[in-house]
Amino acid sequence: IIFPLITFFYNHSSIAEVNNVDEIKLNYDYQTNINLSKKKEYILGTGDGIIIRFLALDSELGGEYIIGPEGFVNFRGIGNIYVSGFTTDELKKHILPLYAEFVINPVFDVYISKYKSISIFVNGEVGDPGLYQLSTFSGSTSGSEFVPTTMGNTKFFPTLFDAIKAAGGITNYSDLENITIIRKNSISNGGGLKKAKINLLPLFIDGDQRLNIDLFDGDSVIIGKSDVVLKDQFIKIARTNLNPKNISVFVSGNVTEPGLKVLPKGSGLIQAISVAGGRKRFSGTIEFLRFTKDGKSFKREFKFDSNSDLNSYENPILIAGDIIRVNESIFGSVKGVIQEFTTPIANTYGLYKIFGGE
């Protein structure tokens, strides 16, 4: 199956080549209201409400309909018609000849009166990959007030930002310059799917919302993975409301206050140990354990270095569920054993005898 590729342009951003895929170029005008310009791309489906409104207001052929579970609508005058997969413009062209069989020069429009809930699948480098239902709103604006309307003059779709946020935000390895959107194609464009590569990083660097595109029902969002932690990107984005504000990690061993610790997103290992009250005397190496999303785990041990840069080997940026253990030094371990053994007889003649007293 050959899927057409829609390419979204941002300045001179490069688009990865995809073999055996036709390329359809779609340019966005910075001054254009993207929500309105893209409404014509919206593909109708089960649960959507539509209005057929004829120019002759007294016409009995118009009315409001809900698309049924099988994708059909029983229109007055023309019967049960399959409408899923059409845009409103495509549906109008499809049913125009049917009305023309008994109406002279039928003039009507097709509007969306109610939008179905939108299900988006988010995968790749996000906190909680999965299927998410996102809210939509339709209506018109009057000054600063939002006024619902059956004409659907304004449509507020969830955006790419909304989907990533709903899926738990980004991970340490998320590559926001490499996001793939897969979307259903309309019937007149051949059906199937279309694909776009998007660089969302300018949204966080410059506040540029042009590529924070609207998402439609059935869209899939795949966040690319970097081979290394993109520290500067992660720290900048961690300060926004894209990610949950806090993470929980477990700090144990030779610290003042061991246990589960809540830290701001983007914190490092040194900060976690500090929140746990810092290392106690006679502390040794650090053991660091992490479980990955694919069920694997890795563990490393190293010397503590309070001057390590964030995102270095000795001070990794933490993710939820990380485990940190501060070991005792050899001297601390021996001291602990001696204390444990001698406590019951401390300050007694027996302790004096154990160590060779006469």
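This is a predicted model: local features need pLDDT of at least 70, side-chain atom pairs count only at pLDDT 80 or more; totals for chains, interfaces and linings use all residues.
**Exercise 1. The core**

Task: Find which residues touch the most other members of the largest nonpolar core.

Solution: 
- Start with the core itself. It holds 49 residues.
- Phe75 and Ile164 touch the most other members.
- Next, see which element supplies the largest share. Helix H3 (residues 160-166) does, with 4 residues.
- Now look at Ile164. Leaving aside neighbours within four places in sequence, its contacts include Val126, Leu176, Leu200 and Leu242.
- Then look elsewhere. A second, separate core has 15 residues, among them Ile247 and Leu269.

**Exercise 2. A strand with two faces**

Task: Work out which side chains of strand E14 (residues 193-198) are buried.

Solution: 
- Recall the rule. In a regular strand, side chains alternate between the two faces of the sheet.
- Apply it to E14. Lys194, Ala196 and Ile198 point to one face, and these are buried.
- Find the partner strand. E13 (residues 174-184) runs antiparallel to E14, and 6 bridges join them.
- Pick one pair. Ile182 has Lys195 as its bridge partner in E14.

**Exercise 3. Positive phi**

Task: Locate Phe282 and Asn311, and state the phi of Phe282 and of Asn311.

Solution: 
- Recall the background. Most residues other than glycine have a negative phi.
- Phe282 is not a glycine, yet its phi is positive, about 60°.
- Phe282 lies in the loop between helix H6 (269-275) and strand E18 (283-291).
- Its relative accessible area is 27%, so Phe282 is partly exposed.
- Asn311 also has a positive phi, near 75°.
- Asn311 lies in the loop between strands E19 (297-302) and E20 (323-328).
- Its relative accessibility is 26%, so Asn311 counts as partly exposed.

How values were computed. Residues are numbered from 1 along each chain as its sequence is written. Side-chain values use heavy atoms; hydrogens and water are left out. A nonpolar core is a set of buried Ala, Val, Leu, Ile, Met, Phe, Trp, Tyr and Cys residues joined through side-chain atoms within 4.5 Å. Buried means under 20% relative accessible area, exposed over 50%, partly exposed in between (1.4 Å probe, protein chains only). Contact means heavy atoms within 4.5 Å. Two strands pair if DSSP finds at least two bridges between them.
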